[in-house]
Amino acid sequence: MTLKQMKTKRRRGVILSPRGLQRLKDAMLSWEILENHGDRITLDQLSQQTNLSAKTLSRLWSANKGVDQKTLKLCFNAFNLDLQKEDYIFIQEDNEIESLDFLSDSSYLETERLSTWSYPDGPVPLNSTLYIERSPVEDLIYREVTQPGCVIRIRSPRQMGKTSLVLRLLDFAETQGYHTVNLSCSQIDDQCLTNLNKLLRCLCHQIATKLGIEPNIDDKWDEEVGYKLVCSFYLQNYILKQINNPIVLVLSEVDHFFAYPHIAQEFFALLRSWCEEARQNRLWQNLRFVVVYSTEKYVSLDINHSPFNIGLPIRLNEFTHQQVEELARRYGLKWGVGKESVQLMSLIGGHPALIQLALYHLSSGTMSLTELIKDAIANGGIYRHHLQRHWVKLQANPHLIRTYTELVSTKQGVVLDPMDTYKLESLGLITFEGDRVLPRCELYRTYFARQISTLGLQSLSYVNLS
């Protein structure tokens, strides 16, 4: 048997090369902009687009387990790309990268070696060592969720780590023998958000299904008593009477309802009534609420009917210098105390998602910190996709672009209309310094000032609070 034949037999699949990963990311970004209104493609959407299972796609993106070339070709073809030999690397039985002809140049291996970590896109997996605890947040929510009828409110802009935290809360709850139900309000159809009856039926159906209970909505839904009351009866007399152990109900992205003020008023008043019922009714005490949202500055709710002023409030802040340095250490980077972290955070602050992305690329050896910062300032660099998605959302709202023009045109901070503040905060584009509003980080200020200037927009007058 020849050496070439032996190598062929030992092949166990392929993984994406840095070049292949970049080509696929660029094509997916174009699809998101043209076909998905600038929203990130979900795993379910990607599965439908490629005709590949979620498990296979997760294996592909992990970059440490091989897939066959046919799988890779299907993924590329789904985004109108031809798979080329430079787009993948064969792995051997022991998971070492096989040195093929197109990788024979040692300089290529030195500059293009793959990170041993999965690409940081989405929540940090439960088994990952890259999750940074933000003490005492985790201890607080673990203790609180064991209290009968508790309410936990987790608030922060997008990509600050809410989902990663919720995953760990649900995992802790399951170790206590609790049932868990995790509902994302952003997945509810628009038609349900204009009809309270449809919304409540939808939620009850999801809760029952996730608990492994036959919904039987039609049999249990007597609309004569009113939509909110029949919903409460359904939960109490049908769900809670069947489940003996506590149920942790997570409602994520509840601020999605804010775009529908009438529904928001009715639903949040109902949610508040459930929270109060759970504090005094023994049956309802088995229901533990976790409400997750980006911002609450959109609708004016009656203080007596709002769920946003009760329970344990949790606000996720940006990473500190010490946390960034600890994460860099886990990525295998040898950073000095108060040196490299200061340089990186002067550009992106402690934004968890942006920090993770930077450390992923630095740990792969494809660029130095100086190169990363220089490239990011010049054209967005490794953050180009992240920034372009925000730009698409801003362009969909010309008024919001004019508002953001004010922010990036002054170092003093401005006063914004509450509606604009809500929208920009939920996107994670702003931060607060007292009662002044500022761009979240210098990267945002630089990039969006450049993008806005290309549109020929003039800075509007602003309120100077200095």
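Modeller: Two strands pair if DSSP finds at least two bridges between them, and the elements themselves are DSSP runs, with helices being H or I runs of at least four residues and strands being E runs of at least two, numbered from the N terminus. In this predicted model, strand 4 (residues 179-184) and strand 5 pair in the parallel sense over 6 bridges, and serine 184 stands opposite serine 252 in strand 5.

Biologist: Before we go on, what should I know about the numbering and about the rules applied to a predicted model?

Modeller: Residues are numbered from 1 along each chain as its sequence is written. Because this is a predicted model, local features need pLDDT of at least 70 and side-chain atom pairs count only at pLDDT 80 or more, totals for chains, interfaces and linings use all residues, and side-chain values use heavy atoms, with hydrogens and water left out.

Biologist: With which strand does strand 5 pair over 5 bridges?

Modeller: That partner is strand 6 (residues 287-293), and the pairing is again in the parallel sense, with phenylalanine 289 of strand 6 as the bridge partner of leucine 249. Strand 5, helix 12 (residues 261-277) and strand 6 make a right-handed β-α-β unit, where right-handed means that, with the strands pointing away from the viewer, the path from the first strand over the helix to the second runs clockwise.

Biologist: How many residues of strand 5 are buried, and which residues lie on each side?

Modeller: In a regular strand the side chains alternate between the two faces of the sheet. A residue is called buried under 20% relative accessible area, exposed over 50%, and partly exposed in between (1.4 Å probe, protein chains only). In strand 5 (residues 247-252), 6 of the 6 residues are buried: Ile247, Leu249 and Leu251 are on one side, while Val248, Val250 and Ser252 are on the other.

Biologist: In what sense do strand 8 and strand 9 pair?

Modeller: Strand 8 (residues 430-433) and strand 9 (residues 436-439) pair in the antiparallel sense over 4 bridges, and isoleucine 430 has proline 439 in strand 9 as its bridge partner. The two strands form a hairpin with 2 residues between them, and glycine 434 in the turn has a positive phi of about 70°.

Biologist: Which residues other than glycine have a positive phi, and where is there a cis peptide bond?

Modeller: Most residues other than glycine have a negative phi, and most peptide bonds are trans. Asparagine 51 has a phi near 60° and is found in the loop between helix 3 (43-50) and helix 4 (54-62), where its relative accessibility of 69% makes it exposed. Glutamine 159, with a phi near 65°, lies in the loop between strand 3 (151-155) and helix 8 (162-175), and at 34% relative accessibility it counts as partly exposed. The cis peptide bond joins serine 135 and proline 136, with omega about 10°, and proline 136 is placed in the loop between helix 6 (106-112) and helix 7 (137-144).

Biologist: Is histidine 351 buried or exposed, and which residues is histidine 351 in contact with?

Modeller: Contact means heavy atoms within 4.5 Å. Histidine 351 lies in the loop between helix 14 (340-348) and helix 15, yet it is buried, with a relative accessible area of 2%. Leaving aside neighbours within four places in sequence, histidine 351 is in contact with Arg158, Gln159, Glu318, Arg440 and Tyr444.

Biologist: Which residues touch the most other members of the largest nonpolar core?

Modeller: A nonpolar core is a set of buried Ala, Val, Leu, Ile, Met, Phe, Trp, Tyr and Cys residues joined through side-chain atoms within 4.5 Å. The largest one has 70 residues, and Tyr383, Tyr404, Leu443 and Phe448 touch the most other members. Helix 15 (residues 352-364) gives the most to this core, with 7 residues, whereas a second, separate core of 50 residues includes Leu183, Leu200, Leu287 and Phe308.

Biologist: What is the average pLDDT of the protein chain?

Modeller: pLDDT is the predictor's confidence in each residue, from 0 to 100. The protein chain averages 83, and 86% of the residues score at least 70. Over residues 1-11 the pLDDT is below 50, and this stretch has 12 contacts in the model beyond near neighbours in sequence.
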